[in-house]
Structures are given as structure tokens and as C-alpha cells.
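Subject: Structure handover

Hello,

Here is the structure we spoke about. Notes on what was found in it follow below.

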Amino acid sequence: YLLSKYLFKNEKIALLSSIIFLASGPMYTGAYMGMYEWLFSVAHIPLILYFTVRTVNERKMSFAALTGIFLALQYYGGGVSAFSYTMLVIGLYYAYKIIEPMFSEKKIKISAKEISLVLLLILTVSISAGLIAPKLLVNLDYTSKTILNNPLPAEEFPGVISSVSKFVRYVVYYKGVGDPNVYLGLVPFILLFFSIPAIRKNKFVLFSWAIALLFFSFAMAMPTYDFLHNFSMFNKARGIQRFLIMFVFFGSILASIGAMNIVKKFKNKKIAFWIILALIICSGFYFRDNQDITKEDLYDKLSENHVMDYLKDQEGLFRIHTFETVGIDYTTQHYTVPLGLEQLYGFYGNIWIPEYMNLYLSLAHNDLAKMTGLLNVKYMTAEINLSVDGFELIQQFERCDECWPPFVDGPYLYENKEFMPRVYSTEKKVLIVGEN
């Protein structure tokens with residue numbers, strides 16, 4: 001709202017752009033599904049760009065400092081991809097404001113204004129870098145030890161927009177919830193094109209269209225993305241469709257301008273405005289498949305998983321293993337974490353060290369009881385009745401119809417007879433030395 005009002009001096013454009021962005025896929029999904037690290041980081045984008053625009057227009061160090069501070073807050077929000085895209089947009093906006101006067105005056109000339117912009121950008125980046133360094137340096141060290149350190153070819157990224165159905169779901173509209181939901185919305189997507197006439201009249205509209213199309217091309221892994229793929233902050237992304245965050249953000253502004261261009265064509269502008277506003281609200285918040293979803297008590301639902309409910313009451317320090325989970329795969333941690341249980345293979349925050357895990361996984365199933373027992377696994381669940389050496393069936397539990405993934409509730413529970421304590425000592429010790 002603040003950004004649009006500052007740019008266009010129009011409260012109706014500000015209101016429409018705010019509601020469109022609020023009802024868009026990134027914001028709605030983050031709030032509805034509880035993906036708060038995603039929501040916090042995306043929600044910072046308008047304020048950061050508001051301070052950025054004011055920094056460039058007014059040449060004030062205070063706004064440059066505020067931009068750096070809120071960039072750091074965005075990073076600490078947890079959505080590193082949103083932080084990376086915001087930094088890229090800020091860099092492009094500064095470059096645009098430095099280069100644009102040269103085109104209008106048809107001569108290359110570096111003036112004091114351009115130099116001041118560069119210095120303000122350095123101030124913003126310096127403040128942001130200083131504030132995020134304690135977490136950034138740790139994260140860089142973390143990823144350097146994991147499989148996340150290996151870049152992916154762009155064509156192998158999940159979420160590449162490669163079909164009409166993906167274009168509709170990721171860009172236009174999707175009625176359900178879930179990642180990746182980065183759509184703009186059906187009505188705003190249509191309104192977007194009515195902002196095209198404003199390109200000649202307003203330079204920020206031109207910039208917004210350029211950025212929206214650029215980030216859309218990134219999400220399609222077009223040649224424009226090849227340059228970005230050289231940088232580690234982009235070439236390790238697993239959800240390339242998230243580039244559409246910036247398409248959605250600038251699309252929200254452009255759609256609001258398009259809406260007002262339509263309103264101007266009616267005699268009764270007030271009624272036209274309220275009709276368009278109602279359509280935006282209905283398409284953004286009301287017409288969804290998930291309106292009948294109800295909220296229930298978490299621990300009531302957890303208790304329906306009878307095998308996990310049983311394990312939480314067992315004494316001692318131990319880990320559990322789900323037979324169907326091989327490595328960092330489908331996880332049961334949405335059950336184990338709230339119940340205070342520890343799982344052999346996690347999904348959230350686990351370090352996958354290829355040199356260790358690839359060797360371990362090649363050996364683990366040759367003697368499952370011994371290898372998992374050494375890692376403090378006392379219990380194992382399975383979806384089918386197994387006969388595995390070293391594991392003894394304890395009980396077959398009642399199934400949970402609503403539990404997901406299907407194997408998360410067992411129903412078969414086994415005890416590992418080769419279980420070892422987390423920490424132990426031996427009276428006799430042997431040290432084996434040598435390559436063989």
C-alpha cells in the first residue's frame with residue numbers, strides 16, 4: 001500500500017495492489033498452510049522495495065539503512081530464495097536508475113547523482129551483509145558439507161514451467177493450497193494486460209513489466225536464466241517456479257493499474273471500482289477447494305496414529321526407524337517431533353553428507369538390525385509384516401485412515417534385538433588400524 005501510494009499518488013491503486021498481493025498464491029499459501037518462514041520473507045518484499053524507491057528518489061542514507069535492515073530481517077525470516085530474488089531486483093532497479101538518464105540524454109555521462117546511487121547501494125548491502133553474517137556464514141559452511149552444495153542443471157529443476165497446465169497452476173490460478181503455489185490470481189492476471197497503455201506514461205510501470213517478464217522467463221529456465229545459473233545462490237534452487245514471487249509482486253501493482261484503466265472507461269466509476277474489487281476478493285479468497293477444511297486439535301489427531309502414540313510412552317533414549325523410508329525421503333517427522341520421538345532419517349534440517357551416506361546406505365540393508373542398532377534404533381515400523389533378522393514383532397496396531405504418508409502409522413511394530421545405547425563403554429577395547 002505504501003509503495004503504490006508513493007509511486008502513483010492514488011489510494012485506489014494502493015488498495016487494489018495490496019489486496020491482490022495479499023490474496024496471491026505466495027501470501028495465501030504461507031498463511032493458510034502455516035509456512036511462516038515463507039510468509040515472513042515474502043511479506044517483507046513490498047516494504048523493502050518501498051525503502052529502495054525512496055532511497056533512489058530522495059538520496060537519503062536513512063532509507064538506504066532501513067532497506068539494509070529489512071533485508072536482513074527478510075533473510076532471518078527463513079525464506080532465503082525470497083531474499084535472493086529481492087536482492088536481485090534491488091540491483092536491477094539501481095542499474096535501471098543509473099543507466100536510464102544516459103538513454104534519455106543520448107550520451108554516456110557519470111554524474112554526481114549516479115555516484116551517490118552507487119554509494120547508497122553499497123551502504124544498503126554493507127548493512128544487510130553485516131547483520132546476516134552470523135547466520136549466512138554458518139549456512140554456507142552447512143551447505144558445503146551436504147548434497148545441497150551440488151548445482152542442478154536448470155532443466156532438472158522441479159517446477160520448471162514446461163506445459164500449459166503448469167503455466168495455469170503456477171502463474172494464473174490454482175484453487176487448492178500447497179507448495180508450489182505462486183500464482184497471481186485469475187482476475188488480476190486478466191487485469192494485468194490492461195496496464196500496458198501506462199508503460200509510456202510511467203517509467204515504474206515499464207520497469208515493473210520488464211521485471212515481471214524477466215522473472216517469468218527465469219521460471220521457464222529460458223536462456224535468460226543461463227547467466228544466473230553461474231551463481232551459487234541461484235543454481236542450487238530446487239523450486240525454480242519460486243522466481244514467480246517477483247512476477248506476482250510486480251503483477252499485483254500492474255493489475256491494480258489495469259483495473260483503474262478499466263474504471264476510467266465507465267460513467268459510474270465508483271460502482272465499476274467496487275465491482276472489480278469484489279471480483280478480486282472473490283477470486284482470491286472465496287472460490288477455492290479448501291473452504292471446507294476445518295482446524296482441529298493437533299494432539300487429538302496425533303493420538304489417532306496408534307503406533308506413534310505407543311512409542312511416545314516408552315522409556316529410555318532411543319531412535320525409531322520407518323522401514324519404508326530409505327535415506328532422506330518421505331518423513332514421519334510431523335508426527336515424531338511433536339511427540340518427542342527421534343527418527344533415524346530426518347527430512348527437516350538433516351545434513352546429508354554424500355561420502356558417508358552413500359557408503360552407509362550400501363551396507364545398511366545387508367544387516368539392518370546391526371547397522372541401525374549401532375545408531376541407537378530400538379524400534380522399527382513397517383506397513384507390511386516383515387521377516388528381518390534381528391527384529392522381533394511386538395504388535396500390529398490399528399490403522400489410521402487419515403494419516404499421511406500411508407506408512408506413517410505402521411501398523412507393524414518391531415523391536416531391534418541388536419539395539420545399542422546412545423552412549424556406552426566397554427571393559428575390553430580393540431583398536432584396528434590399517435587400510436584393509
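Helix α8 (residues 112–144) holds I122; helices (H or I, at least four residues) and strands (E, at least two) are DSSP runs, numbered from the N terminus. This is a predicted model: local features need pLDDT of at least 70, side-chain atom pairs count only at pLDDT 80 or more, and totals for chains, interfaces and linings use all residues. Residues are numbered from 1 along each chain as its sequence is written, and side-chain values use heavy atoms, with hydrogens and water left out.

I122 is partly exposed, at 47% relative accessible area (buried means under 20%, exposed over 50%, partly exposed in between; 1.4 Å probe, protein chains only).

Aromatic pairs number 26 in the whole structure (rings of Phe, Tyr and Trp, the last by its six-membered ring, with centres within 6.5 Å; planes under 30 degrees apart are stacked, over 60 edge-to-face, the rest tilted). One of them, F204 with F207, is tilted, at 6.0 Å centre to centre and 45° between the planes. Both lie in helix α11 (residues 203–219), three residues or about one helical turn apart. F204 is buried at 9%, and F207 is buried at 5%.

F318 and Y379 make an edge-to-face pair, 5.2 Å centre to centre with 75° between the planes. F318 is in the loop between α17 (306–311) and β1, and Y379 is in strand β3, so the pair ties together parts 61 residues apart in sequence. F318 is buried at 7%, and Y379 is buried at 6%.

Regards
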